[in-house]
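Good morning, colleagues. Please look at the sequence and the structure on the screen, and I shall then speak about two of its elements.

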Amino acid sequence: MRESHLPDVASRDGEHSGTLDWVGMGDIRQPIELRDGEDEHRVEARVQLYVDLANAEAKGIHMSRLYLILDEHAATRPLTPAGLKLLLKSMLVSHRDLSGHAFIEFAFDYFLRRRSLVSDNSGWNSYPVAIRGSSVNGEVSIEMDLGVWYSSTCPASAALARQLIQEQFERDFGENGPVGAADVKAWLGTEEAIAGTPHGQRSIARARLRLDDTLPTFPITALVSDVEDALSTPVQTAVKREDEQEFARLNAANLMFCEDAGRRLKSVLDGNPSLLDFHVRVEHHESLHAHDAVSVFAKGVLGGYSPIP
């Protein structure tokens, strides 16, 4: 009963009139259930949610309504594309006299259990993810940001290392005439034989993906697997010696400039019908240089994402 007597300064006319593009709340900490393929995952999300202030004479929006709508949705249903669209609609209904646009973003670290390459082990890998929905002038858009870490070994550096090994072989055996296979095998096992090693780098592919809003769930695990399979050298979790050796073999079999990684990813994403558009930034965090090697590409949809880095 006492609530009706509490002052409500937000309902008064503003001292200054005018519209604002977005008003709302940022960095809300909210646990949510998320539907990923056939599974549900619980994540601890950092949430932003906004509506526009289209009523030039209104002092402000009803922020508590936005928070309560978010909390009710999180408590009663897992997040899906359909649920995200319902959430945007609820935000607009709650501000029907003030707003015509709505925006919400869930950002979180997404943990997936990944098997070791050879040994019978597994561990948790973390992927930065953001799911974003907007309703602007009645047009709904659903986006997902995804980051996938992997290893890349420089092809030029590998060629230079091979040359050093050839030169060391010439120094060690050049005057000996024919050399037996057993001697060469033994020599290759010495530290002196491997006169140079190629430089590698921890690398990341950062993708912004516009999703088909009729998808029943968010395809996070499927997209992670597609990217990791295309690159072939994802970072590992639980590693024994046999796993480390297999990782070394995979890196040698998949020498990559950032251009090579970009082309691999563009090919696999182009073939995914659930992606209406994409923008990808590939970063190879160089161990040779004090800077990164970067490639950027977009799907090339008319009116879609610009390939600006």
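Let me begin with a definition: two strands are said to pair if DSSP finds at least two bridges between them. Please also note that this is a predicted model.

With that term in hand, consider strand β3, residues 102-115. Together with β4, β3 forms a hairpin, and 6 residues lie between the two strands. Their pairing is antiparallel and extends over 14 bridges. As one example, Glu105 has Arg132 in β4 as its bridge partner.

β3 also pairs with strand β2, which covers residues 39-53. Here 6 bridges join the strands, and the sense is again antiparallel. Within this pairing, Arg46 is partnered with Ala107 of β3.

How much of β3 is buried? Of its 14 residues, 10 are buried, so the strand is largely enclosed by the rest of the structure.

I turn now to helix α3, which spans residues 155-173 and has 19 residues. From its first C-alpha to its last, α3 reaches 27 Å, close to the 27 Å expected at 1.5 Å a residue.

Which residues of α3 are buried? They are Pro155, Ser157, Ala158, Ala161, Gln168 and Phe173. Viewed down the helix axis, these buried residues fall within an arc of 155 degrees, and therefore they line one face of α3. The cover over them includes β5 (139-153), α4 (181-188) and α7 (258-270). On the face of α3 turned away from the buried side, one finds the exposed residues Leu160, Gln166, Glu170 and Arg171.

Thank you for your attention.

Key
Residues are numbered from 1 along each chain as its sequence is written. This is a predicted model: local features need pLDDT of at least 70, side-chain atom pairs count only at pLDDT 80 or more; totals for chains, interfaces and linings use all residues. Side-chain values use heavy atoms; hydrogens and water are left out. Helices (H or I, at least four residues) and strands (E, at least two) are DSSP runs, numbered from the N terminus. The expected span of a helix is 1.5 Å times one less than its number of residues. Buried means under 20% relative accessible area, exposed over 50%, partly exposed in between (1.4 Å probe, protein chains only). The arc is that of the directions from the helix axis to the C-beta atoms. Contact means heavy atoms within 4.5 Å.
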